[in-house]
Amino acid sequence: MTVKPKQLIYIDDSGDAGFKFNRGSSEYFSIACMVFNDWLDAEETAIKIKRLRRTLGWSDNREFKFHKSSSTTKQAFLKAVLGCEFRVWAISVDKSRVQNEEAKKNAGKFYNFIIKELLAHHINDISNANVHIDGEARKAYKQAAFTYIRQYINKNAKRIVNMSFANSASNDLIQLADMVVGAIQRSKQIAKSDSALYYSIIESKVDLWEYP
């Protein structure tokens with residue numbers, strides 16, 4: 001009997017979950033899932049990222065972070081992974097249009113609601129999945145998200161086999177999620193001269209849901 005490879009999903013977000021716009025809260029909040037249907041595709045993508053570090057003359061453990069990278073590095077990274085075998089499910093939220101008052105008052109509930117909406121939007125494409133979320137277990141609202149997502153997505157079938165937090169500093173595929181969601185978030189910052197530049201490189205791989 002052929003064993004179906006485990007699906008691997010790496011998730012990161014950009015922006016913030018706050019609604020205090022007069023105190024610096026971002027206008028948009030974005031979440032992106034990097035979806036690999038075979039661990040070999042994930043491994044090959046990670047190797048591409050490792051090779052890019054060598055090309056750039058970086059040390060092997062230097063981290064790719066969208067907000068810390070130069071425009072040249074951002075473009076080089078996104079072009080390097082463009083031919084890799086993964087898909088991107090993403091959601092970008094215009095927070096000024098959110099009507100859920102309870103979510104607007106609680107960052108954890110807002111985060112849970114949005115990530116659940118994104119995964120539910122693709123529920124029929126989730127199968128035998130290991131999900132890795134950038135973050136730290138000590139953040140209570142992200143820990144709560146684990147239970148929330150499992151209960152909802154696995155309600156009628158066990159689509160998610162395992163969920164865990166991942167440290168971006170040591171995980172190339174979480175760094176991939178960071179760079180891609182950063183490009184999506186930047187595309188919403190239309191006042192910036194490079195707002196469309198990075199997303200235009202990776203756009204062909206992205207299924208972006210504009211919410212609400």
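S164 is found in strand β5. Strands here are DSSP runs of E with at least two residues, helices are runs of H or I with at least four, and both are numbered from the N terminus. The model is predicted, so local features need pLDDT of at least 70 and side-chain atom pairs count only at pLDDT 80 or more, while totals for chains, interfaces and linings use all residues. Residues are numbered from 1 along each chain as its sequence is written, and side-chain values use heavy atoms, with hydrogens and water left out.

S164 touches V131, H132, I133 and F146, not counting residues up to four places away in sequence. Contact means heavy atoms within 4.5 Å. S164 and E210 are 46 residues apart in sequence. In space, their C-alpha atoms lie 27 Å apart.

The sheet has 6 strands and is open. Its order is β5-β4-β1-β2-β3-β6, with mixed pairing. Two strands pair if DSSP finds at least two bridges between them. β5 (160–166) and β6 (206–211) stand at the edges. Each has a single partner strand, so one side of each is left without a neighbour in the sheet. Strands β2 (residues 28–36) and β3 (residues 87–94) run antiparallel and are joined by 8 bridges. Within this pair, C33 has W89 in β3 as its bridge partner.

Two helices were also examined. Helix α1 (residues 39–56) packs against α6 at an angle of about 75 degrees, with the axes 9 Å apart. Axes are lines fitted to C-alpha atoms, for helices over the stretch in contact, and angles run from 0 to 180 degrees between N-to-C directions. α1 and α6 are therefore roughly perpendicular to each other, a label for angles of 65 to 115 degrees. In α1, the residues A42, T45, A46, I49, K50 and R53 meet D172, L173, Q175 and L176 of α6.

The largest pocket holds about 280 Å³ of space. On a 1 Å grid over the protein atoms alone, a pocket is an open set of points where a 1.4 Å probe fits, with protein on both sides within 12 Å along at least five of seven lines. Its volume is the space filled by probe spheres set on the points. β1 (7–15) and α6 (172–187) each supply at least two lining residues. The largest share, 5 residues, comes from α6.

Terms used
On a 1 Å grid over the protein atoms alone, a cavity is a set of points where a 1.4 Å probe fits but cannot get out, and a pocket is an open set with protein on both sides within 12 Å along at least five of seven lines; lining residues have an atom within 4 Å of a point. Angles under 35 degrees count as roughly parallel, over 145 as roughly antiparallel, 65 to 115 as roughly perpendicular and the rest as oblique.
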